[in-house]
Amino acid sequence: MKAGYIENHGSVENIKIGDVDTPKIGNLDILIKTEFAALNHLDLFVVQGWPGLNLKMPHVLGSDGSGTIKEIGSDVNTGFNVGDRVLINPGIGCGQCSHCLSGRQNFCSKFSILGENQNGTYAEYVKVPSSNVIKIPDSYPFDKAAAAPLTFLTAWRMLVTQAQIKSGEYVLIQGASGGVATAVIQIANFFNATTIVTTSSEEKVAKAKEIGADHVINYKQNPKYAKEVFKELTKKNGIDLVVDSVGTATFNTSLKLLRPGGRLVTCGATTGPKADLNISAIFWKQLKIFGSTMSNNQEFQDVMKLVLNGKFSPVIDKVFKLEELQDAERYLGEAKQFGKVLIKI
Ligand SMILES: [Zn+2]
């Protein structure tokens with residue numbers, strides 16, 4: 001089958017398009033004929049590699065995807081049929097440990113993301129456990145279905161499970177441009193929060209407003225935005241909840257802007273993982289800091305229901321062909337996008 005894969009770690013130039021073996025499914029797996037896949041920053045990290053990542057090469061990249069069921073494992077009894085239209089939950093637990101059996105798949109020691117430790121979605125066919133597949137309505141387009149999973153499951157767990165967002169709160173979203181931020185803005189609006197978004201260009205300011213952000217700040221034009229946020233937008237009360245996956249560049253500003261008792265939630269650190277923290281701000285203001293990674297299966301089901309019935313709308317920035325995968329990954333690496341970058345398989 002045709003796929004986008006690497007044979008060696010290195011740069012985006014190492015990504016090849018060519019023939020690899022079609023996956024063979026186990027008795028609890030489902031084989032999906034892929035229609036669309038979506039890019040994530042994880043692709044770039046996998047291409048580079050990291051100590052301890054030992055992939056079987058060639059390795060097919062890609063975490064998000066949608067398509068139709070081609071083949072069903074002999075022990076799958078969850079009501080799927082060949083030809084069903086489906087999307088994929090890219091977070092995969094072992095299914096057998098105490099965490100997985102108690103529904104906390106993202107605490108499993110073997111938890112992995114599709115395309116990270118196992119072959120992913122930039123291929124004509126992809127194999128996943130049946131518990132990672134959900135049906136999509138006939139009227140729901142494959143492109144939006146592929147754009148939704150990783151970003152919405154990540155944003156939902158951060159805001160709802162971890163930070164317990166409440167109606168009327170001021171929520172600051174740092175560095176909005178990728179899919180997760182577009183999901184965070186929509187989920188915060190769903191809970192009737194007031195959203196304040198920082199981003200890097202006038203084009204992204206307009207797009208953030210378009211999807212419902214209440215206040216959007218271009219931090220390149222206004223590097224001292226913290227003052228404006230504190231004095232004018234929150235009337236010196238401070239922010240209730242910050243979503244900061246920018247890391248080094250913003251973490252201290254985020255902590256400074258929180259009101260006493262405020263919360264910060266993070267699912268990544270795009271500008272680096274180290275920060276010179278002012279610990280006194282944490283204890284004096286009694287702040288709460290939450291980490292968050294992916295989601296469990298129930299959170300995935302909960303948020304996908306809302307996506308598939310139209311409460312949330314995945315934002316698609318641009319669609320590339322599979323043959324253009326290198327260009328697509330470069331485009332993502334340069335942070336030119338607002339929303340999801342897709343691959344038509
Ligand atoms: Zn497990």
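**Metal site and helix packing**

User: Which protein donors hold the zinc ion?
Analyst: This is a predicted model. In it, the zinc ion has Cys94 (SG), Cys97 (SG), Cys100 (SG) and Cys108 (SG) as its protein donors, lying 2.3 Å from it.

User: How are those donor residues spaced in sequence?
Analyst: The spacing is C-x2-C-x2-C-x7-C.

User: And what's the geometry of the site?
Analyst: Tetrahedral. The angles among the 4 donor atoms run from 105 to 115°. For four tetrahedral donors the ideal is 109.5 degrees.

User: What about Cys97?
Analyst: Cys97 is also partly exposed, at 23% relative accessible area.

User: Switching to helices. How do α4 and α10 cross?
Analyst: α4 covers residues 149-162 and α10 covers residues 297-308. Their axes come within 9 Å and cross at roughly 110°. That angle falls in the 65 to 115 range, so α4 and α10 are roughly perpendicular to each other.

User: What hand is the crossing?
Analyst: Right-handed, as α4 passes α10.

User: Which residues meet there?
Analyst: From α4, they include Phe152, Leu153 and Trp156. On the α10 side, Phe300, Val303 and Met304 are among them.

User: And α1 with α11, at what angle do they pack?
Analyst: About 110°, with the axes 9 Å apart. α1 is residues 41-48 and α11 is residues 325-333. His41, Asp43 and Leu44 of α1 make the contact with Glu329, Leu332 and Gly333 of α11.

How values were computed:
Residues are numbered from 1 along each chain as its sequence is written. This is a predicted model: local features need pLDDT of at least 70, side-chain atom pairs count only at pLDDT 80 or more; totals for chains, interfaces and linings use all residues. Side-chain values use heavy atoms; hydrogens and water are left out. Donors are N, O and S atoms within 2.8 Å of the metal (3.2 Å for Na, K and Ca); water is not among the atoms, so sites may look incomplete. Four donors count as tetrahedral if all angles lie between 85 and 135 degrees; four count as square planar and six as octahedral if opposite donors are over 155 degrees apart and all others between 65 and 115; anything else is irregular. Buried means under 20% relative accessible area, exposed over 50%, partly exposed in between (1.4 Å probe, protein chains only). Axes are lines fitted to C-alpha atoms, for helices over the stretch in contact, and angles run from 0 to 180 degrees between N-to-C directions. Helices (H or I, at least four residues) and strands (E, at least two) are DSSP runs, numbered from the N terminus. Angles under 35 degrees count as roughly parallel, over 145 as roughly antiparallel, 65 to 115 as roughly perpendicular and the rest as oblique. A crossing is left-handed if the near helix is turned anticlockwise from the far one by less than a right angle, and right-handed if clockwise. Contact means heavy atoms within 4.5 Å.
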